[in-house]
Every structure is written in C-alpha cells, then in structure tokens.
Amino acid sequence: MIALNIMPIAYISKGQRVDEIVKSLDKPDFKPEKITLLETIAANLPGMIFQILQRQDGSVFIPYISSGCKYLYELEPEAVQADFQMLHKLIHPQDIKAFAESIAVCRTTVTPWHWEGRIITPSGKLKWIEGTSQPELQQEGNLLWNGLVMDITDRKLAEEKLQESEARYKAILDAIPDLMFRISRDGEYLDLKSEGANVTLSREEIVGKHIHELLPSDVATISLEAIAKTLDSGTLQTCEYQLTTPLGVRDYEARLVVSGEDEVLAIVRDITERKQAEVALQNLAQKFAKAFSCSPDSITISTLQEGRFIEVNDSFVKLSGYERDETIGKTSFELNLWVQEGDRLNLLRGLQGTGVVRNLEFEFRQKSGEIITTLLSAEVIDLDGIPCILAVHHDITQRKQVEAQFRLCAERDRLLAETLVRIRSSLNLEQILQTTVTEVRQFLQADRVFIGLNNANLGVRTLAESVDPKYPSVSGWSTNDEAYLQELRNLLKDNFVRVIEDITQITVSPKVKAHCQKFQTKATLAVPIMLGNELFGALIAHQCSGPRHWQPMEIDLLQQMSEQVAIAIQQSQICQKLAELNTNLEHQVQERTAQLQQKMQEVEKLHRVKDVVLHTVAHDLRTSVMGNLMVLKNLLHQGVEQVSRGKITASLSPLLPISSAPLPLSHAQSPIAVSSSIIERMIQGNDRQLTMINSLLEINSCEQQGLEIKPQPVQFTTLLGKIFAQLEPLLTQNQATLKNLVSADFPLVMADGSQLQKVLASLITHSLQNNPPGLNFTLSAVVEAGMIRTQIQDDGVAMTKVECDRLFDLHVRDPQDCCSTSIGLKMYLCRKVIKAHGGEIGVISNRKRGLTFWFTLPLATSSATNRP
C-alpha cells in the first residue's frame with residue numbers, strides 16, 4: 001500500500017549527478033554545500049526533486065522535496081512532507097490505476113520507475129507530468145526512492161497537435177481521389193498512391209518501371225518533357241493527354257511539382273467529365289447566343305451597381321426605340337427608361353435575397369415617350385468578375401389594355417346586374433334612381449350624372465343627380481320657356497343618343513349655350529328614357545372639367561342603364577296600380593276572414609257537442625255493459641250450483657237488479673232455459689265491448705291531451721318477469737307457452753312499467769285471438785345503437801304484407817271479424833305508447849309460419865340513472 005502513495009517523478013538522463021546528490025542526503029558525510037547545490041538545481045528545473053524513504057513497517061518518510069512542488073502541484077513542500085496523501089489525491093481518476101500498477105512493478109522488481117499521467121491541481125488546472133525514480137534497497141530493508149517529477153504539459157499538447165495535424169493531412173491525402181506518383185528525372189516510377197483511383201495495374205506492376213514501358217510513346221515523351229521542365233524551373237507544370245482504357249478513351253491532367261532531388265510528385269486526375277462539360281458549355285454558349293439574338297422578348301445585360309448596359313438584343317432595340325450604339329455604355333437612368341425611379345431599387349432588393357426575380361411588373365418609357373408595361377425576370381450573373389444583371393422584358397402592354405377593357409366590361413356588367421337586382425327587389429323608385437346616377441358617375445368618372453323628367457303637366461325637372469362638389473347642381477332647375485323646353489326635347493328626338501365631346505364645337509341656340517355656361521358643361525352624353533313610344537326623360541352625363549371623348553363602351557352603358565331605368569319606372573307605375581288593387585283585396589280578405597272565423601267557431605261548437613255525445617254515449621254504454629256483465633256472471637255462478645240438473649232458470653227482466661226480490665208469479669214472465677256456454681259467450685261479448693269502449697275513451701283522451709307516461713330506469717329482465725307473471729293466467733287459459741331468451745345481465749332501460757304491460761298484453765292477446773289454443777311464444781332482445789330491440793315470435797298463422805303494414809294504424813276493420821275493432825284499437829294504442837317512449841314498433845310475417853312483433857326502447861343514460 002505504501003507503493004501506491006509514491007508520487008510520479010520525471011527522470012533526467014543527463015542529471016545523474018542530481019540523483020547522486022539526492023542520495024547523499026542520508027549519508028553521514030552529507031554536507032551543507034550539497035543542500036545548496038541541490039536547491040540551486042531544483043530551482044532551475046520545471047519540476048520537483050524528491051527523496052522518499054519507504055520503511056519495512058510500511059511508514060513513509062520524506063527527507064526532501066524541492067520548492068518545485070509549489071509550481072507543479074500548487075502545494076507547499078512542508079504540507080506535502082506532513083501529508084504525502086495530498087499528492088495522490090491530485091492524480092486524474094483515469095490514470096490512478098496505471099500509476100498504481102507502475103509503482104507495484106517497480107517495488108517488486110526494484111527496477112527504475114517511469115510514469116506519465118495527468119493531475120488536477122487545486123485550482124482546477126489539468127497538467128501532464130512525467131515521473132522518474134531509481135529505487136534503492138537499503139541494508140535495513142528500507143526502500144529509498146530518489147527521483148524527479150517534471151511538467152510535460154506543453155510537450156503533450158504539442159504532441160497532440162502534431163498527431164492531429166498528421167491525421168488531418170493523412171485524411172486530406174486519403175480523400176484526394178487522384179493518382180499520385182513519385183517519378184525520377186529519367187522517368188522511373190519510385191512510388192504511387194492509388195487508393196480511390198481507377199487503376200487497372202497493381203502497385204508491383206508500376207513501381208520500378210519506366211514511363212515508356214507503361215505509357216504510349218507520345219504520352220511518355222510529353223511526360224518526360226514536363227518532368228525535366230519541372231525540375232529545371234522548380235515551378236508547377238501541367239500537361240494533358242489521352243489514354244485508351246477499358247472504359248474507352250479518357251482525358252487526363254497531370255500536375256507536377258518538385259518533391260526531392262531529381263524527382264517530382266505527379267498528381268494525375270481524370271478530366272474526361274470536365275472536358276465533356278467544356279464541350280457542352282461551348283455548345284450551350286452558342287445556343288445562348290442564338291437565343292439572345294433571336295428571342296422575341298427584350299434581353300439586356302447590364303452592370304449590377306450602375307445599370308450600365310453591356311449588351312442588348314434586337315428585340316430591345318425594337319421595344320425601346322433606341323439603337324444598339326445608343327444603348328451600349330449608357331445607364332437606364334441616362335436613357336430615362338424607368339417611369340418610377342424607385343422601381344430599380346425594388347429590383348435590386350429582390351435580387352439581394354436569392355439572386356433571382358421572376359415576372360415583376362414594371363412600367364418603362366420608350367424613346368418616343370410612350371409608356372409600356374413589361375414583366376421583368378432577372379438574374380445576377382458574373383462576367384469577368386463583374387456582377388451583372390441578365391434581364392428579360394416581356395411586353396404586356398396590349399394585355400394590360402385588354403385586361404383594363406375587361407375590367408370596364410365587368411364593372412359595366414356589375415352595374416347593370418346590380419341595377420336589375422335593385423329594380424326587382426325594391427319598389428323605392430327614388431332610391432333606385434339615386435343609386436343608379438351615383439354608380440354611373442363613379443364608373444364614367446364624370447363630373448355630373450342626372451336623370452331628367454319630361455312631363456306635360458310637371459314640365460322638365462331633375463329626378464336624381466350625382467355631381468362633383470366643385471360644380472353646380474342642376475337639381476331644382478326649371479323653366480317656363482316652352483320654346484326652350486321643346487328645343488331640349490328635339491335634341492333627344494332628332495338623335496337617339498346625343499354625344500357632344502366639346503360643346504364649343506357644335507351649333508346651338510343662345511339659350512342652350514347660356515345653360516351650358518351656367519352649369520359649366522364642356523361635354524355631354526345624353527340617352528333618352530322611352531316608355532313605349534313616349535319620351536319619359538333622359539339619362540345625362542356631363543364633363544365640366546373639359547372636353548371629353550366618350551368611349552363606345554360608355555355610350556353602351558348609358559343606353560343599357562336607360563333601359564333599366566325605364567323598366568324601374570314602369571315597375572313603379574305597375575306597383576302603384578297593384579297597391580290600389582291590394583287595398584281592395586285587403587277589404588275582401590277581411591270580409592272572408594270574418595266569415596271563416598265564424599265558421600271555425602261553429603266547427604268548435606260541433607267538436608264540443610261531439611265530445612259530449614261521445615262521453616255520454618260511452619258512459620251509458622259502459623254502465624249498461626258492466627250491468628249486463630254483473631247479471632250474466634251471477635247467472636253463470638248460479639248455473640254452476642245447479643249443474644247437476646243440466647240447466648238453469650233465470651228471470652230475463654232487464655228492469656230489476658239481481659239482488660231484487662222476485663215478482664209474483666202472475667206478473668213474472670215464463671222462465672227460459674239458457675245453457676252456460678251461451679252465458680259465457682255473452683260475457684265474452686260484453687268484455688270485448690267494455691274493452692273497446694275503454695280503448696275509445698283512451699284514444700280520445702290521447703288525441704286531445706297526449707299520452708302521459710312516466711319512464712324510469714328499470715332492469716329489463718326484472719320488468720319482463722313481473723309483466724309475464726301477470727300474463728300467466730291468460731297464457732294458461734289459452735294453453736300457450738312462453739320461452740324467455742332474454743339474458744339476466746341486460747342493461748337498464750327507460751320505460752313506464754304499467755304502459756309496457758299493456759303493450760305486451762295487447763300483442764300476445766292479438767296472437768291468441770287469431771290462433772287456436774296451444775300457441776308457442778319466444779321472447780328475445782338485443783342492444784342496437786343505444787336501443788333495446790325486443791321480439792315476440794309465435795308459431796301461429798301468418799299475415800299478408802298489407803295487413804302487417806296497417807296493423808298499428810287507426811282504420812276501419814273488417815266488420816265480419818267480431819274481435820277486429822277492439823284489438824285494432826289496442827294495437828293503435830300500442831304504437832302510441834312505444835312512440836311516447838321514443839321507440840318504434842312493427843310486425844313481420846314469417847315466411848314459413850307465425851308472426852314476429854318487435855319494438856324498441858331507449859337505454860337508460862348515466863344522467864337518468866343518477867336522478868333521485
């Protein structure tokens with residue numbers, strides 16, 4: 001363990017005298033001058049001299065540590081002598097194992113110790129140190145370590161940089177795919193590097209051979225001349241040649257530099273692709289020159305900084321009007337090409353990002369001064385180191401004019417369409433006319449647009465006007481001069497459309513001229529508004545700022561607008577007539593409404609009488625039927641007691657109750673013998689009548705007040721069990737069986753138990769009444785889309801599809817079937833109950849035999865189950 005505490009020491013091969021001085025520290029003849037010499041040596045060394053005595057008992061004594069300990073370890077020598085473990089703690093964790101192993105080997109073999117490793121000083125610095133020591137075994141068995149520790153951080157860093165540099169240069173060399181040869185002056189191959197190159201010969205087949213042995217004679221001669229010139233001039237030489245290879249004829253370039261005495265380093269590169277690219281580039285340049293000169297679009301090359309033209313094609317000359325010699329050497333500003341000078345700055349900004357712009361729209365000025373619009377596509381290119389702009393101008397002036405024409409047409413169509421919509425959707429003539437003149441003035445960019453009225457009674461006046469605030473309004477103007485008014489009318493009659501581009505260039509009366517001067521009219525466009533063959537008025541546009549050339553499209557717009565205005569006026573006149581008719585119609589409607597209300601009151605009275613009659617008759621019938629049932633059941637009960645005699649005797653007087661005392665024989669009718677079967681049939685008939693009456697009352701109540709149900713979340717199987725327990729006597733009476741296939745784990749269902757019992761009883765009763773005894777029922781249920789679908793299938797007689805479709809409807813039944821009306825009412829009520837639950841009900845006739853009744857009920861939701 002003591003050996004692990006020995007600190008690394010650097011050994012100086014030329015400092016044997018230092019070790020001897022260190023060893024003499026334990027000798028009796030050790031003198032003070034030796035200490036002085038030792039300290040002088042230690043002070044001049046970039047390290048620490050030490051002497052450590054390791055005793056047999058494991059203790060360590062440090063006779064001497066030089067002052068270099070403070071420089072190397074940042075620790076005072078005295079502190080280290082007091083606690084030698086301080087040095088051990090500074091060793092880098094990754095180097096502790098190697099240090100311990102080196103100490104153990106040296107201690108075991110008593111051989112010279114040498115170790116290199118890293119330490120981390122108290123300030124956090126990482127240092128490389130080298131330790132060297134010569135252990136000596138003392139007579140007492142102690143081991144004396146004399147040695148030196150040196151700081152080798154700079155050397156290690158230099159070595160690392162050298163290794164990195166060597167690795168980098170090796171990687172660069174390996175990454176170069178070119179062939180490299182060392183060749184002597186006389187043409188002998190001394191060495192080569194062929195990794196990554198396509199070489200068909202092995203290294204052994206090349207090294208030691210002469211150029212003439214491997215290359216064609218002409219290539220060998222060129223190579224020897226280049227080698228001699230390289231060695232004589234000491235400068236780089238280049239030669240190109242062709243060789244025939246398995247891949248065909250290839251082009252090569254050899255670069256030669258002096259690499260030693262009478263030898264050169266030749267770097268050979270396959271330049272076949274480059275040669276092919278150069279040929280392709282030449283062809284491309286020829287194509288570009290042809291495209292440049294023959295392009296129908298203007299193409300220019302100008303400097304990026306100034307915009308000075310270097311080259312232009314013939315299309316530019318034709319487009320701009322400038323000849324080629326007028327353009328070359330001039331800038332675009334000197335030729336005054338840009339309409340907006342800031343446009344070139346915007347172009348440069350666009351080129352700064354990607355160096356390319358496409359289809360930017362700019363306006364340019366031709367030599368004649370005419371403005372044209374072009375789409376500019378440009379790209380930054382380099383010509384002899386000068387950044388330039390290659391620009392292509394596509395003239396879209398005509399297209400822009402056509403687009404403007406299309407926009408005007410679209411705007412015109414929009415105005416016409418909107419006017420038509422307003423005419424169709426609005427009856428406010430004043431609003432229609434005012435909106436029309438406003439939008440027409442906006443479209444024409446005229447100073448005044450108005451609609452004038454020509455009326456024999458009202459004279460000439462303005463109905464609607466839109467005018468620029470800078471000019472006077474004609475609204476409110478009128479005159480009583482009939483001759484003047486007639487002249488204005490004649491202007492519109494003589495010319496269907498009155499077009500005046502300059503009022504000063506036509507011959508008019510002084511009154512008309514004075515009128516134009518008063519309202520500052522310089523040009524006018526007037527279109528008559530005709531109602532049939534009668535002149536109603538005119539739609540007139542004025543230009544007050546100066547003469548104006550009216551475009552055909554503008555004239556066409558006013559003509560079409562005048563037609564729409566005429567329609568609006570006719571529509572207004574029609575609406576006035578309709579309003580008068582509507583007034584008369586409203587009176588008629590009021591009279592008929594009063595008559596209908598009177599009839600409805602009479603119908604309501606009839607409905608109330610019907611309800612009273614229905615309730616009265618149903619109540620009387622119900623009372624009578626219930627009385628008959630009581631009598632018949634009492635008679636049947638008495639007949640059972642007298643069954644031993646085979647028949648019974650009963651008084652048939654309907655006027656006396658059963659409990660009344662019998663009349664005297666002289667006033668009683670003769671007794672009649674009635675069998676029990678007849679009484680039973682009479683009881684059944686009265687039961688059906690009572691059921692039918694109850695169903696009628698229930699249907700009437702349902703139709704008037706609605707069916708009231710109280711659904712609650714219940715366990716479906718439990719509910720079915722209770723219902724079928726109540727139906728068990730009915731099934732037993734008809735010798736019927738019921739097979740329940742509904743599983744016990746069915747989810748909760750929202751249902752009104754009492755109403756659902758009526759539904760199931762009615763469905764089973766229908767099957768029992770329409771089939772002989774011994775019917776078999778099968779009950780099943782499934783969950784579908786949040787609903788429980790229940791099916792009741794029997795093996796009785798089937799029905800037609802028409803009968804199935806009408807089974808649950810309220811309709812007149814077959815009068816021959818004594819049970820049809822009663823059960824039909826119940827089936828109608830079944831549908832009402834299931835619909836009230838939010839479900840559906842139906843019946844399916846099985847192909848072989850029997851019917852399948854089905855109905856759906858909603859599952860209970862979580863919110864419903866949580867309600868108290």
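## Hidden spaces

Four cavities of 30 Å³ or more are counted here. A cavity is a set of points, on a 1 Å grid over the protein atoms alone, where a 1.4 Å probe fits but cannot get out. Grid points are joined across faces, edges and corners, and a volume is the space filled by probe spheres set on the points. Rolling a probe the size of a water molecule over the atoms shows where empty space is left.

The second largest cavity holds about 270 Å³ of space. Its lining (residues with an atom within 4 Å of a point) consists of 22 residues, and Phe 309, Leu 337, Trp 338, Phe 364 and His 393 lie nearest the centre. Among the elements that give two or more residues to this lining are helix 11 (314-320), helix 13 (342-354) and strand 13 (356-365). By class, the lining has eleven nonpolar, nine polar and two charged residues. Here Ala, Val, Leu, Ile, Met, Phe, Trp, Tyr, Cys and Pro count as nonpolar, Asp, Glu, Lys and Arg as charged, and the others, Gly among them, as polar.

## The model as a whole

This is a predicted model, in which local features need pLDDT of at least 70 and side-chain atom pairs count only at pLDDT 80 or more, while totals for chains, interfaces and linings use all residues. Residues are numbered from 1 along each chain as its sequence is written, and side-chain values use heavy atoms, with hydrogens and water left out.

How many helices and strands does the protein have? There are 24 helices and 29 strands, taken as DSSP runs (helices H or I, at least four residues; strands E, at least two) and numbered from the N terminus. Of the 868 residues, 39% are buried, where buried means under 20% relative accessible area, exposed over 50%, and partly exposed in between (1.4 Å probe, protein chains only).

## Nonpolar cores

A nonpolar core is a set of buried Ala, Val, Leu, Ile, Met, Phe, Trp, Tyr and Cys residues joined through side-chain atoms within 4.5 Å. The largest one has 40 residues, and Phe 716, Leu 763 and Phe 808 have the most contacts inside it. Elements giving two or more residues to this core include helix 20 (716-733), helix 21 (753-769) and strand 29 (851-858).

Contact means heavy atoms within 4.5 Å. Leaving aside neighbours within four places in sequence, Phe 716 has contacts that include Val 742, Phe 746, Ile 788 and Leu 857. Apart from this core lies another, of 29 residues, among them Ile 451 and Met 561.

## Two threonines

Is Thr 331 buried or exposed? Thr 331 counts as buried because its relative accessibility is 8%. This residue sits in the loop between helix 12 (324-327) and helix 13, and touches Glu 306, Gly 307, Arg 308 and Phe 309, not counting residues up to four places away in sequence.

Thr 504, in the loop between strand 18 (498-500) and helix 17 (510-518), has 58% relative accessibility and so counts as exposed. Thr 504 and Thr 521 are 17 residues apart in sequence and 10.0 Å apart in space, C-alpha to C-alpha.

## Two positive phi angles

Most residues other than glycine have a negative phi. Glu 74 is not a glycine, yet has a positive phi of about 60°. Glu 74 lies in the loop between helix 3 (68-73) and helix 4 (77-82), and at 29% relative accessibility counts as partly exposed.

Asp 262 also has a positive phi, of about 55°, without being a glycine. Its place is the loop between strand 9 (248-260) and strand 10 (263-270), and at 40% relative accessibility Asp 262 counts as partly exposed.

Conventions. On a 1 Å grid over the protein atoms alone, a cavity is a set of points where a 1.4 Å probe fits but cannot get out, and a pocket is an open set with protein on both sides within 12 Å along at least five of seven lines; lining residues have an atom within 4 Å of a point.
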